[in-house]
Amino acid sequence: EAAPGEDGAGAQRRAGLDVHGRPCAGAQGTTGSAAEARERATDRRALALMAGVAAGVVAVVRRWRAPALTRAVRAALVVVLAASWAVWVFFIYRQGWGSIGTLVPMNLCDWAAIAVTVTLLLPNQYSYELCYFWAFGGTLQALATPALALDFPSPTFVIFFTLHGGVIVSVLFLTFGLRLRPWVSSLPRVV
């Protein structure tokens, strides 16, 4: 909540969000090279955790090749993506920042999350191509260079890495677990 005499934007900056309720840099908090190094270390640990989850999911699905297991993994990934989105929207509205400007315009990562959810529910080449290129063209860059002002255990940090990491883990699962592949002919369809 906003402090006495502070507008809602000041409270958003303190929470690590820009005026649209999205994670941003420049919020009030620790500064300096030691703090930046700690933040980068936490980011790297989150990335390593996601890589481990992706490798584990793919290894299990490829090892047992059971259709029921594959469906369960697809359902679990959809639940993670949907739950993290719902928590994000709840967080925005709970902080009093809910408006059309908070959720629109959508980022490429938002569209990648929609495309990967569709592909997990109904695996097909066309939606896979969209989520593959959008995830590696946008979501991966967001994970590699997050503009988060607050570190773990901030809700912003957890939601950001869960949603973006869920997209990447899902695309890796679709690529290596379900063996969907982008082809050269995919480029004109996606562009």
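I took helices (H or I, at least four residues) and strands (E, at least two) as DSSP runs, numbered from the N terminus. With that settled, I found Asp151 in the loop between α6 (125-144) and α7.

A note on what I am looking at: this is a predicted model, where local features need pLDDT of at least 70, side-chain atom pairs count only at pLDDT 80 or more, and totals for chains, interfaces and linings use all residues. Residues are numbered from 1 along each chain as its sequence is written, and side-chain values use heavy atoms, with hydrogens and water left out.

I looked up the cover on Asp151 and got 21% relative accessibility, so Asp151 counts as partly exposed (buried is under 20% relative accessible area, exposed over 50%, partly exposed in between, with a 1.4 Å probe and protein chains only). I then checked Thr42: its C-alpha atom is separated from that of Asp151 by 7.3 Å, though the two are 109 residues apart along the chain.

Next came helix α7 (residues 155-177). I read 18 of its 23 residues as buried, so α7 is largely enclosed by the rest of the structure. Just after α7, I noted a positive phi of about 60° at Arg179.

Last, I turned to α5 and its packing on α7. Their axes (lines fitted to C-alpha atoms, for helices over the stretch in contact, with angles from 0 to 180 degrees between N-to-C directions) are 10 Å apart, at an angle of about 40°. I also looked up Ile114, which lies in helix α5 (residues 108-121). Ile114 is partly exposed, at a relative accessible area of 41%.
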